[in-house]
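Student: I have a new model to look at, could you walk me through it?
Tutor: Gladly, ask whatever comes to mind.

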Amino acid sequence: MPSPKAKNAGRRDGSPVLGSNFDFVSLTKPLNRSSPPHLLQRQGSDPTTARLRASESPSRRRGSGSSTGSASGQGPPEEDGIRLNPSLIGISLSSLLAIDLWLSKRLSVCACEDSSWGSARPLMKLIEVTGHGIPWLAGAAYSMYKSDSAAGQEVMLNLLMGLLLDLILVGAVKAVVRRRRPAHNQMDMFATFSVDRYSFPSGHATRAAMCGRFLLAHLVLAAPLRVLVLLWVGLVGLSRVLLGRHHVTDVLFGFWMGYCQYKLVEILWLSPETLQGLFRLSTL
(Lines give C-alpha, C1' and ligand atoms only; values in the text may rest on other atoms or scores of the structure.)
Protein backbone atom coordinates (compact mmCIF):
# COMPACT_ATOMS: atom_id res chain seq x y z
CA MET A 1 0.00 0.00 0.00
CA PRO A 2 1.59 3.32 -1.06
CA SER A 3 2.30 5.80 1.64
CA PRO A 4 0.65 9.25 1.88
CA LYS A 5 4.03 10.82 1.26
CA ALA A 6 4.29 9.16 -2.14
CA LYS A 7 0.85 10.51 -3.06
CA ASN A 8 1.76 14.00 -1.94
CA ALA A 9 5.04 13.83 -3.84
CA GLY A 10 3.18 12.89 -6.99
CA ARG A 11 0.92 15.90 -6.63
CA ARG A 12 3.86 18.26 -5.97
CA ASP A 13 5.83 17.32 -9.11
CA GLY A 14 2.76 17.91 -11.37
CA SER A 15 2.26 14.34 -12.68
CA PRO A 16 -1.37 13.19 -12.99
CA VAL A 17 -2.64 10.75 -10.46
CA LEU A 18 -4.48 7.67 -11.69
CA GLY A 19 -7.82 7.34 -9.98
CA SER A 20 -11.03 9.25 -9.81
CA ASN A 21 -9.42 12.47 -11.11
CA PHE A 22 -8.12 10.86 -14.29
CA ASP A 23 -11.45 10.87 -16.11
CA PHE A 24 -11.95 14.55 -15.38
CA VAL A 25 -8.45 15.41 -16.64
CA SER A 26 -8.80 13.33 -19.80
CA LEU A 27 -12.17 14.86 -20.66
CA THR A 28 -11.34 18.49 -20.04
CA LYS A 29 -7.76 18.76 -21.30
CA PRO A 30 -6.62 16.86 -24.40
CA LEU A 31 -3.31 15.07 -24.03
CA ASN A 32 -0.38 15.80 -26.29
CA ARG A 33 2.02 13.31 -27.86
CA SER A 34 4.44 13.67 -24.97
CA SER A 35 1.93 12.17 -22.57
CA PRO A 36 2.65 8.70 -21.22
CA PRO A 37 1.60 5.83 -23.52
CA HIS A 38 -0.88 4.36 -21.05
CA LEU A 39 -2.74 7.70 -20.93
CA LEU A 40 -2.87 7.96 -24.72
CA GLN A 41 -4.22 4.43 -24.94
CA ARG A 42 -6.82 5.14 -22.27
CA GLN A 43 -7.94 8.31 -24.06
CA GLY A 44 -8.35 6.63 -27.44
CA SER A 45 -10.25 3.65 -26.07
CA ASP A 46 -12.77 5.68 -24.03
CA PRO A 47 -15.97 6.04 -26.15
CA THR A 48 -17.37 8.79 -23.96
CA THR A 49 -14.31 10.91 -24.55
CA ALA A 50 -14.48 10.35 -28.30
CA ARG A 51 -18.10 11.37 -28.50
CA LEU A 52 -17.52 14.50 -26.47
CA ARG A 53 -14.55 15.49 -28.60
CA ALA A 54 -16.59 14.97 -31.78
CA SER A 55 -19.46 17.03 -30.46
CA GLU A 56 -17.14 19.86 -29.46
CA SER A 57 -15.13 19.88 -32.68
CA PRO A 58 -15.08 23.15 -34.67
CA SER A 59 -16.35 21.48 -37.86
CA ARG A 60 -19.34 20.04 -36.00
CA ARG A 61 -20.16 23.44 -34.56
CA ARG A 62 -19.83 25.09 -37.95
CA GLY A 63 -22.07 22.48 -39.57
CA SER A 64 -24.76 22.85 -36.95
CA GLY A 65 -24.67 26.60 -37.25
CA SER A 66 -25.00 26.50 -41.04
CA SER A 67 -27.88 24.04 -40.91
CA THR A 68 -29.66 26.22 -38.38
CA GLY A 69 -29.14 29.26 -40.51
CA SER A 70 -30.38 27.51 -43.64
CA ALA A 71 -33.45 26.28 -41.82
CA SER A 72 -34.18 29.76 -40.52
CA GLY A 73 -33.60 31.19 -43.97
CA GLN A 74 -36.03 28.78 -45.64
CA GLY A 75 -38.89 29.65 -43.27
CA PRO A 76 -41.80 27.35 -42.41
CA PRO A 77 -42.76 24.53 -44.76
CA GLU A 78 -45.09 25.30 -47.60
CA GLU A 79 -48.02 23.31 -46.20
CA ASP A 80 -47.72 25.15 -42.89
CA GLY A 81 -47.76 28.43 -44.77
CA ILE A 82 -50.94 27.39 -46.59
CA ARG A 83 -52.59 26.35 -43.37
CA LEU A 84 -51.63 29.56 -41.57
CA ASN A 85 -52.42 31.80 -44.56
CA PRO A 86 -55.55 30.39 -46.26
CA SER A 87 -56.63 31.88 -49.55
CA LEU A 88 -59.40 34.42 -49.86
CA ILE A 89 -61.56 31.92 -51.77
CA GLY A 90 -61.23 29.36 -48.96
CA ILE A 91 -62.22 31.90 -46.32
CA SER A 92 -65.20 33.05 -48.40
CA LEU A 93 -66.44 29.50 -48.98
CA SER A 94 -66.09 28.61 -45.32
CA SER A 95 -67.98 31.74 -44.30
CA LEU A 96 -70.77 31.08 -46.81
CA LEU A 97 -71.07 27.49 -45.63
CA ALA A 98 -71.34 28.59 -42.00
CA ILE A 99 -74.00 31.17 -42.90
CA ASP A 100 -75.86 28.59 -44.95
CA LEU A 101 -75.94 26.08 -42.08
CA TRP A 102 -76.99 28.71 -39.55
CA LEU A 103 -79.73 30.19 -41.75
CA SER A 104 -81.08 26.78 -42.78
CA LYS A 105 -81.40 25.72 -39.17
CA ARG A 106 -83.12 28.95 -38.17
CA LEU A 107 -85.64 28.66 -41.03
CA SER A 108 -86.55 25.01 -40.45
CA VAL A 109 -89.56 25.95 -38.33
CA CYS A 110 -91.70 23.08 -39.66
CA ALA A 111 -89.14 20.31 -39.37
CA CYS A 112 -90.99 18.61 -36.48
CA GLU A 113 -94.46 18.66 -35.01
CA ASP A 114 -93.11 20.35 -31.88
CA SER A 115 -91.32 23.09 -33.85
CA SER A 116 -92.37 26.71 -33.62
CA TRP A 117 -94.51 26.38 -36.79
CA GLY A 118 -95.22 22.68 -36.42
CA SER A 119 -98.93 23.20 -37.08
CA ALA A 120 -98.13 24.31 -40.65
CA ARG A 121 -96.23 21.11 -41.40
CA PRO A 122 -99.20 19.34 -43.15
CA LEU A 123 -99.63 22.32 -45.48
CA MET A 124 -95.92 22.36 -46.30
CA LYS A 125 -96.02 18.62 -47.02
CA LEU A 126 -98.94 19.18 -49.40
CA ILE A 127 -96.91 21.78 -51.28
CA GLU A 128 -94.05 19.26 -51.29
CA VAL A 129 -96.26 16.71 -53.07
CA THR A 130 -97.19 19.27 -55.76
CA GLY A 131 -93.52 19.54 -56.68
CA HIS A 132 -92.82 15.80 -56.70
CA GLY A 133 -91.71 14.17 -59.93
CA ILE A 134 -94.23 11.32 -60.08
CA PRO A 135 -97.39 13.51 -60.27
CA TRP A 136 -95.76 15.66 -62.94
CA LEU A 137 -94.64 12.68 -65.02
CA ALA A 138 -98.05 11.03 -64.79
CA GLY A 139 -99.85 14.29 -65.60
CA ALA A 140 -97.67 15.08 -68.62
CA ALA A 141 -98.03 11.56 -70.04
CA TYR A 142 -101.81 11.58 -69.52
CA SER A 143 -102.18 15.04 -71.07
CA MET A 144 -100.15 14.01 -74.10
CA TYR A 145 -102.30 10.92 -74.54
CA LYS A 146 -105.61 12.80 -74.22
CA SER A 147 -104.60 15.80 -76.34
CA ASP A 148 -106.49 16.13 -79.62
CA SER A 149 -104.21 18.61 -81.36
CA ALA A 150 -100.71 18.05 -82.66
CA ALA A 151 -99.52 21.28 -80.98
CA GLY A 152 -100.78 20.09 -77.60
CA GLN A 153 -99.08 16.73 -78.01
CA GLU A 154 -95.86 18.47 -79.00
CA VAL A 155 -95.89 20.65 -75.89
CA MET A 156 -96.69 17.76 -73.55
CA LEU A 157 -94.02 15.60 -75.20
CA ASN A 158 -91.33 18.19 -74.57
CA LEU A 159 -92.54 18.74 -71.03
CA LEU A 160 -92.25 15.00 -70.45
CA MET A 161 -88.76 15.07 -71.93
CA GLY A 162 -87.82 17.94 -69.61
CA LEU A 163 -89.08 16.05 -66.57
CA LEU A 164 -87.07 12.96 -67.48
CA LEU A 165 -84.01 15.13 -68.11
CA ASP A 166 -84.49 16.73 -64.70
CA LEU A 167 -84.53 13.36 -62.95
CA ILE A 168 -81.33 12.26 -64.68
CA LEU A 169 -79.35 15.46 -64.11
CA VAL A 170 -80.40 15.96 -60.49
CA GLY A 171 -79.67 12.32 -59.66
CA ALA A 172 -76.22 12.60 -61.25
CA VAL A 173 -75.32 15.78 -59.36
CA LYS A 174 -76.54 14.34 -56.06
CA ALA A 175 -74.51 11.17 -56.59
CA VAL A 176 -71.37 13.22 -57.27
CA VAL A 177 -71.71 15.86 -54.52
CA ARG A 178 -73.18 13.56 -51.83
CA ARG A 179 -74.11 16.34 -49.44
CA ARG A 180 -76.09 15.04 -46.49
CA ARG A 181 -79.47 16.45 -45.67
CA PRO A 182 -79.83 18.65 -42.56
CA ALA A 183 -79.58 16.78 -39.29
CA HIS A 184 -83.08 17.89 -38.22
CA ASN A 185 -84.71 16.46 -41.36
CA GLN A 186 -87.23 13.64 -41.01
CA MET A 187 -87.04 11.15 -43.86
CA ASP A 188 -90.83 10.86 -44.31
CA MET A 189 -90.97 12.06 -47.90
CA PHE A 190 -93.29 10.62 -50.52
CA ALA A 191 -91.87 8.00 -52.94
CA THR A 192 -88.14 8.52 -52.38
CA PHE A 193 -85.26 6.94 -54.29
CA SER A 194 -81.71 6.03 -53.27
CA VAL A 195 -80.26 9.42 -54.25
CA ASP A 196 -82.92 11.27 -52.25
CA ARG A 197 -80.94 10.85 -49.07
CA TYR A 198 -78.58 13.49 -50.46
CA SER A 199 -79.38 17.17 -50.28
CA PHE A 200 -77.62 19.06 -53.06
CA PRO A 201 -79.36 20.21 -55.19
CA SER A 202 -83.05 20.29 -54.34
CA GLY A 203 -84.93 18.23 -56.93
CA HIS A 204 -88.20 19.94 -56.05
CA ALA A 205 -86.61 23.36 -56.67
CA THR A 206 -85.15 22.34 -60.05
CA ARG A 207 -88.46 20.80 -61.13
CA ALA A 208 -90.49 23.77 -59.96
CA ALA A 209 -88.23 26.26 -61.75
CA MET A 210 -88.16 24.24 -64.98
CA CYS A 211 -91.90 23.51 -65.02
CA GLY A 212 -92.81 27.06 -63.99
CA ARG A 213 -90.73 28.52 -66.80
CA PHE A 214 -92.19 25.99 -69.22
CA LEU A 215 -95.78 26.82 -68.22
CA LEU A 216 -95.23 30.56 -68.53
CA ALA A 217 -93.70 30.15 -71.98
CA HIS A 218 -96.14 27.67 -73.59
CA LEU A 219 -99.35 27.14 -71.59
CA VAL A 220 -100.27 29.99 -69.21
CA LEU A 221 -101.08 33.33 -70.79
CA ALA A 222 -103.46 35.06 -68.36
CA ALA A 223 -101.77 37.43 -65.93
CA PRO A 224 -103.46 36.14 -62.72
CA LEU A 225 -102.47 32.58 -63.56
CA ARG A 226 -98.91 33.65 -64.24
CA VAL A 227 -98.76 35.20 -60.76
CA LEU A 228 -100.05 31.95 -59.27
CA VAL A 229 -97.38 29.98 -61.12
CA LEU A 230 -94.62 32.21 -59.78
CA LEU A 231 -96.11 31.99 -56.28
CA TRP A 232 -96.20 28.19 -56.52
CA VAL A 233 -92.53 28.05 -57.56
CA GLY A 234 -91.52 30.20 -54.59
CA LEU A 235 -93.61 28.20 -52.13
CA VAL A 236 -92.14 24.89 -53.30
CA GLY A 237 -88.62 26.17 -52.74
CA LEU A 238 -89.54 27.72 -49.39
CA SER A 239 -91.19 24.51 -48.19
CA ARG A 240 -87.94 22.61 -48.69
CA VAL A 241 -86.21 24.83 -46.13
CA LEU A 242 -89.14 25.14 -43.72
CA LEU A 243 -89.51 21.36 -43.57
CA GLY A 244 -85.79 20.94 -42.96
CA ARG A 245 -85.36 18.90 -46.16
CA HIS A 246 -82.66 21.08 -47.71
CA HIS A 247 -80.24 23.87 -46.99
CA VAL A 248 -80.79 27.32 -48.45
CA THR A 249 -78.01 26.90 -51.00
CA ASP A 250 -79.57 23.63 -52.21
CA VAL A 251 -82.76 25.48 -53.12
CA LEU A 252 -81.02 28.48 -54.71
CA PHE A 253 -78.80 26.26 -56.83
CA GLY A 254 -81.86 24.17 -57.71
CA PHE A 255 -83.69 27.23 -59.05
CA TRP A 256 -80.71 28.13 -61.21
CA MET A 257 -80.29 24.55 -62.42
CA GLY A 258 -83.99 24.28 -63.30
CA TYR A 259 -83.82 27.44 -65.38
CA CYS A 260 -80.82 26.04 -67.25
CA GLN A 261 -82.72 22.80 -67.83
CA TYR A 262 -85.52 24.74 -69.47
CA LYS A 263 -82.98 26.37 -71.79
CA LEU A 264 -81.70 22.88 -72.65
CA VAL A 265 -85.24 21.69 -73.41
CA GLU A 266 -85.69 24.63 -75.76
CA ILE A 267 -82.48 23.67 -77.56
CA LEU A 268 -83.52 19.99 -77.82
CA TRP A 269 -87.13 20.77 -78.68
CA LEU A 270 -88.87 17.82 -80.32
CA SER A 271 -91.34 18.60 -83.08
CA PRO A 272 -93.86 16.06 -84.41
CA GLU A 273 -91.81 15.73 -87.59
CA THR A 274 -88.70 14.98 -85.56
CA LEU A 275 -90.59 12.43 -83.51
CA GLN A 276 -91.94 10.72 -86.64
CA GLY A 277 -88.43 10.60 -88.07
CA LEU A 278 -87.19 8.96 -84.88
CA PHE A 279 -89.98 6.39 -85.13
CA ARG A 280 -89.02 5.58 -88.71
CA LEU A 281 -85.38 5.14 -87.74
CA SER A 282 -86.35 2.80 -84.89
CA THR A 283 -88.44 0.61 -87.24
CA LEU A 284 -85.66 0.19 -89.79
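Student: How far apart are the end C-alpha atoms of residues 214-235, and how much of the span is helix?
Tutor: They lie 17 Å apart, and the span is 82% helix and 0% strand, where helices are DSSP runs (H or I, at least four residues) and strands are E runs of at least two, numbered from the N terminus. This is a predicted model, in which local features need pLDDT of at least 70 and side-chain atom pairs count only at pLDDT 80 or more, while totals for chains, interfaces and linings use all residues. Residues are numbered from 1 along each chain as its sequence is written, and side-chain values use heavy atoms, with hydrogens and water left out.

Student: And what about residues 157-177?
Tutor: Their end C-alpha atoms lie 30 Å apart, and that span is 100% helix and 0% strand.

Student: At what angle do helix 10 and helix 11 pack?
Tutor: Helix 10 (residues 150-177) and helix 11 (residues 203-218) pack at about 160°, with their axes 10 Å apart; axes are lines fitted to C-alpha atoms, for helices over the stretch in contact, and angles run from 0 to 180 degrees between N-to-C directions. That makes helix 10 roughly antiparallel to helix 11, a word used for angles over 145 degrees.

Student: Changing topic, where is R178 found?
Tutor: R178 is found in the loop between helix 10 and helix 11, and R178 has a positive phi of about 60° although it is not a glycine.

Student: Which bond joins F200 and P201?
Tutor: A cis peptide bond joins them, with omega about -5°, and P201 is placed in the loop between helix 10 and helix 11.

Definitions and conventions. Angles under 35 degrees count as roughly parallel, over 145 as roughly antiparallel, 65 to 115 as roughly perpendicular and the rest as oblique.
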